[in-house]
Amino acid sequence: MPAKYHIDTKRIPPRFRPVGKLGIVDWREDCAGCHNCVKRGCVYGFFRDEADALREEVGYLDYVYQCKGCLNCVQNCTKGILSRVVNPEYRRLGDAYYTPDIVLSTWFQAETGGIPVSGAGYGGPFSGPAFDSMWTDMSEIVRPTRDGIHGREYINTSVDIGRKPSHVVLENGRPKETPPLIENPVPLIFDIIPERFQRGAVFAAVTQAASAMGVLAVARARDIPPASRVDPNVPPGISVGAEEPHGPAIARDVLVPFLADPKTDVEALCPGASIVMVADGEGVGAVRDSLKKANPDRLVAIRMSASPRSAQRALELTRQGAEVIHLVFDAHGREEAASKPRHARDVLRDVHGALVKAGIRDQVTVVASGGIALPEHMAKAIICGADLIAVDLPLVVALECRLCGGCERDETCPVCLEETDPGAAAQRIVNLIGAWRNQLLEMLGAMGIREVRRLRGETGRCMFFEDLERATFGKMFGKRKEEYGA
Amino acid sequence: MRAIAQKDPAVESPLADQRVSQADYASVSRRVRLAPPRYRNPIGKFSVHRDSNCIACGKCVEICPNEVHVRPAGYRLPLRPLDYRCIGPDCAKTDRYCVAVCPKGSLSVGVNPSFETLGDCRWTPDLLAGTWFMAETGRPAPAFLESETGDSGGGFDKLRFRFPDSAPKDLRREDISTRLLLNRRKNDPRAKVTIDVPWYGGGMSFGSTNLRALIAKARVAKAWNSFSCTGEGGYPDRFIPYADHMITQVATGLFGVREETIARARLVEFKYAQGAKPGLGGHLLGDKNTPDVAAMREAVVGTSLFSPFPFHSVYSIEDHKKHLDWIAHVNPGALLSAKVSTPNDVEMVAVGVYCAGAHIVHLDGSYGGTGAAPNVAKKNIAMPIEYAINGVHQFLVDEGVRDEITVIASGGIRTPWDVAKAIALGADGVVIGTAELVALDCIRCSRCESGRGCPRGIATTDPELLEMLTIEWSTQRLVNLYSAWREILVDILHRLGLDSVSALRGRTDLLMHLDYENGEE
């Protein structure tokens, strides 16, 4: 049996005490000082742990074991002096898109590599904007394998990056061309980490994590130190605490250099790089041709901001021979438009649909990035038509970033990103992606789909809010007061 | 986590709990009796504080109509205010406001900070408190609690009834029927089983949930001539006195399923999928797998138990028929139900279930409860029940078989209003689960899955935590809840001018949706 792809996770505790959601406050002046104090009876031993932690430094208090909000102490206290409150610091985490819940859940996954599980039902809103207005399908009886949970290892999450010709042209009995194709084991690559987060070992950690999992990582050429500066004897991959004289080791084997200047010496940056990225623009065809001429086996990805013209542009580029198109959305997954920007959900369906209609969908690989905050966003972006996604901010959140925006204002980082240990940081990123992949497997398994390549554009395996509304309430009640997504 | 010394499970086995005698089993009644909260400090919407200036004059005790201030006979001082009963600052508009009459100004009323941290969009703090009130008193929740809808922003929470200006004068509340016929098949020799309320209790397995809660569920089912369900954890002997009101569930793990448990059931349910974890199997944590649970499931103590997904013997509707035939062979009199989730093609599944010979198709929507499920599944997989109900109803109507099968909906039914809306959308009845647990003081902290399980003693098998519930109290809370729900349901039907719950089925013309132009503001 061939070896199965697997992401090894390992618990890596955070460097800073994470922000918990719930806490208990008390008004001590009313305390009766009774001998059956509810704090001693905490089912989770939380107060005892807290006291221990205050008395002596015993590491951080694991936020998962912080107050779980069961209310037993609040409701049993003799004098009723305890109240449960939501931690105000928790409310300040993230922003409207990267909600505190998302940040906390990302931390949990980065620490443990486990997938977030809870009891009771789903407590969130009925539906929401963007990806939250999609439900993925499930099958009552079809399963990729008949082995229940043990069949998950047979689900393939690999995707191919590159051009897939619709037919083979033979010349002298041999295929005339075999375009280069890169297999990425997860439908996800790492996108450029915004510059303000690239401090200390962050960049190195991201490349090391990518290398450990065999996924590609896009990086600006100017952020990559020339290969000649690096000790060739240091192998790429995770090396806990490895610090070279000139900085922590950067894994170059997975780097996708994004070239601002097409004349950049790729070999000097990433020897043997199998893919490079250039920005879309007027002369992009010529740039691509010159890069292909220099090395026909190297893929050239074209990076463009998503806009109302994306579908048209994707058609043009594909017809001109583009192999990979990377559509970049803003941090909240929106396109660049003067008014009413669409979300990636709709732009991707538009782009994918146009390419399918033109009969050239397989000739290009579509990568989508921006606004991918949760593992379900990966699955849903693929359902909408991307081949794979590129992830950026969650990688930094995995390193305990709170998305407070302090770095944009040149303030001190509350979690000292610059002091990150590259090995531990890389492992936290590996943990996060391992957990994401496992959640993707859950979704694929429920859908009865055995490989993620078949999920691309498979809108039949999901249900859109507006379709269900029209088919159900639209029939009963007629017109909606507000347009969908308004 | 700190290890807490546990009692010897062999000595303190929940099965050895004999506080309810066999004679008591037979005497479950529908009588509403006060079942006060089991915690010292119940959580209410408002908090009432009495400071040390109090001179114990007793004016507040005399004036409060809600018994927030209580002074037991023989006491000089009033008890600490039972502020969960307080209706809040609005009371100032009445002449019964304690703060106004206190001669020393020692009383104050404000919002309870803990209350605001309760619940979520679907189960708002008001809905939780409303359910607690109904479970305590057996009466509909007071007006200061929004106990009709949650705050999820769609589905049931946006649907409202169009009530006529006045109810018909000749319709009396006591003439309104809430009975539900479960066997609608014509020319079917099996019993025409009916239940007195259009809902029954959802499956919760022995292993996931406190046996005392499960027995209370069975007892309320008996009291109200309805059903409860074993879930897939086997059939403890203590359910046997309620066998006529207990559904035997056959799920993919086949834990504890035996011929005798099928033979004694009036209704057997196949669980193909569960709305809270559609397309995924069940998972009982090792910590919850105590000796009793392991014995019932014929498993090894302390190991995690997985129920695979899906049934390994079912590849098609024909295979499903094979399952039903198997049950019919063991128990020819049992009605058959198939519990399915809500995929894209749920209508086809429902018709298939009918064709295979089932009496009930049970649709479990994606917002239902569970002991443990990946958050990604709960949020994203399968459609909400509101869509599925009407789609299935219409499809079965179009196929001409609607009157031959009972459609049951579950997964997010929180209130009697939801029951009525589900029926108006096209279901015959519903299954409830979380609402029953909330009645037992669940606060939906979502920790059912962690270690020893529920810290509130409901979804746990931990010998120490099990002690937090008693069967008597739990039964009474559920009896009260059922009573309040039925009263509200009858009131809805009365206002709509309908004489039975079956007359409401599929009456979407009686509904409106706030997001649509036909809905009022």
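## Polar contacts between the chains

A polar contact is a pair of N or O atoms within 3.5 Å, where, within protein, one atom must be able to donate a hydrogen and the other to accept it. In this predicted model, 37 residue pairs, with both residues at pLDDT 80 or more, are in polar contact between chain B and chain A.

On the side of chain B that touches chain A, the elements of chain B giving two or more residues are α4 (113–116), β14 (373–374), α11 (375–380), α12 (385–398) and β17 (511–513). Of the elements, α11(B) gives the most to this side, with five residues. The residues on the side of chain B that touches chain A comprise 44 nonpolar, 28 polar and 17 charged ones.

## Extent of the interface

The size of an interface is often expressed as the accessible area lost when the parts come together. For chain B and chain A the buried area is about 7,200 Å², with 57% of it on carbon and sulfur atoms, and the contact involves 89 residues of chain B and 75 residues of chain A.

## Salt bridges

Three salt bridges are found by the rule across the interface of chain B and chain A. K379(B) forms a salt bridge with E376(A), in which the closest N and O atoms lie 2.9 Å apart.

## Strand pairing across the chains

Strand β3 (residues 117–118) of chain A is joined to β14(B) by two bridges, and the two strands run antiparallel. Within this pairing, V117(A) has P374(B) as its bridge partner in β14(B).

Methods:
Residues are numbered from 1 along each chain as its sequence is written. Chains are lettered from A and ligands numbered from 1 in the order in which they are written. This is a predicted model: local features need pLDDT of at least 70, side-chain atom pairs count only at pLDDT 80 or more; totals for chains, interfaces and linings use all residues. Side-chain values use heavy atoms; hydrogens and water are left out. Contact means heavy atoms within 4.5 Å. Buried area is the accessible area (1.4 Å probe) that two parts lose on being put together, summed over both. A salt bridge is a side-chain nitrogen of Lys or Arg within 4 Å of a carboxyl oxygen of Asp or Glu. A polar contact is a pair of N or O atoms within 3.5 Å; within protein, one must be able to donate a hydrogen and the other to accept it, and residues adjacent in sequence count only if both atoms are side-chain atoms. Helices (H or I, at least four residues) and strands (E, at least two) are DSSP runs, numbered from the N terminus. Ala, Val, Leu, Ile, Met, Phe, Trp, Tyr, Cys and Pro count as nonpolar, Asp, Glu, Lys and Arg as charged, and the others, Gly among them, as polar. Two strands pair if DSSP finds at least two bridges between them.
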